[in-house]
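Please look at the structure first.

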Amino acid sequence: MNFQAVNYMDWAKTVPARFAYNLCASGINLLASSDELKISTDDILLGGDNFFGYAPLRTEISAWYGVPEKNIFITQGTSLANFLIAAAEVQPGDEVIVEQPAYEPLLTIFEPLGAVVRRILRRPENNYAVDIDELKKILTKKTKLIVLTTLHNPTGMRMTEQQLREVGTIAASVGAWVMVDEVYQDFLGENIPPAFLLGSNFITTSSLTKVYGLGGLRVGWVFAPERLVRRMYEINNNMGVNNPFPADHLGYVLMKNGSAGLIAKRARERAKKHWGIVKEFISNRGDLSIVEPSAGIICFPRFRTGVSSKAFAEHLQGKYQTVVAPGYFFEDDGGFRLGFGCEENILRDGLSRLANALDDFKK
């Protein structure tokens, strides 16, 4: 296997931290004080039994999402969850259908496994929905997996339950799985059923990162049929073996004691307020268009005048010390992903600088 460099991840780990105004982050900061987290030194456990996933954490995840414990595999973050599914199910010659635009790490994991990658476009003129008729045309008997995100990264658009069920029915006609990365979905609120519960050929991945501000713990999970859960255990034995126990235990504690829920509630409040700021900004710009995101802290403004996202992002960084995620990382050079989960003063000042950069491109 010859795995490619993930250009977006290289960029995300090295570039944004150099600039004062970060409008590219896709996750929320930790919106709780140390006291509000309600943890003590007794909660810092350095070792314990989590060879097959930390049982209390699995029980808590089950209670939150209504998924049987036997169908939960605990991982180190959503990206590893997605990779393990690919490694467990995709064989050389299989076809995988991946949404476009896409989050790059969702795209780069399949070709090294010998898969043929096909694309289903999510177009702005269709509110970034999956075109069911188009999906039918590219589906074949070799299709093993259809890969989607909801909320969609980079646009923040939701796939409705009806849309997902339609995709599931089409996939089932050729015996294919539907893998849905739901790492942003909890921005919609509590008690949103995961796609896994919609049918026997659905797989869900998610984590405590984007909505909960707990990315440092790297606590993620897969909801999948038992056979696939067992296969992922086997594959993971060749990789990380088991997750860091302190992270698994802290993840459990923060879910159990209500702290994770408190952070998510505040994250949703911030997302709603800050979207209002961004929406007003874009509505006053004749040079940008937008499909309003369903929820969350990311959106994808598009240039009306043919500006290159790479050229614009570099100009914005160099002259205004402000960073957005250029659209070419998501296969759409005609726009950029804007993250608005930062502090309000950073957002407002950053948008002002963004306006100046846009004005520069009119000259």
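**Terms and basis**

In the residue classes used here, Ala, Val, Leu, Ile, Met, Phe, Trp, Tyr, Cys and Pro count as nonpolar, Asp, Glu, Lys and Arg as charged, and the others, Gly among them, as polar. The model is predicted: local features need pLDDT of at least 70, side-chain atom pairs count only at pLDDT 80 or more, and totals for chains, interfaces and linings use all residues. Residues are numbered from 1 along each chain as its sequence is written, and side-chain values use heavy atoms, without hydrogens and water.

**Largest pocket**

A pocket is an open set of points on a 1 Å grid over the protein atoms alone, where a 1.4 Å probe fits, with protein on both sides within 12 Å along at least five of seven lines; lining residues have an atom within 4 Å of a point.

The lining of the largest pocket has 19 nonpolar, 17 polar and six charged residues. Its volume is about 1200 Å³, the space filled by probe spheres set on the points, which are joined across faces, edges and corners. Of its 42 lining residues, Met9, Ser79, Tyr103, Lys210 and Arg218 lie nearest the centre. Helix α4 gives the largest share of this lining, six residues; helices are DSSP runs (H or I, at least four residues), numbered from the N terminus.

**Second largest pocket**

The second largest pocket holds about 180 Å³ of space. Its lining includes Trp64, Asp186, Tyr212 and Arg268, and α10 supplies the largest share, three residues.

Note on methods:
Helix = DSSP H or I, 4+ residues; strand = E, 2+ residues; numbered from the N terminus.
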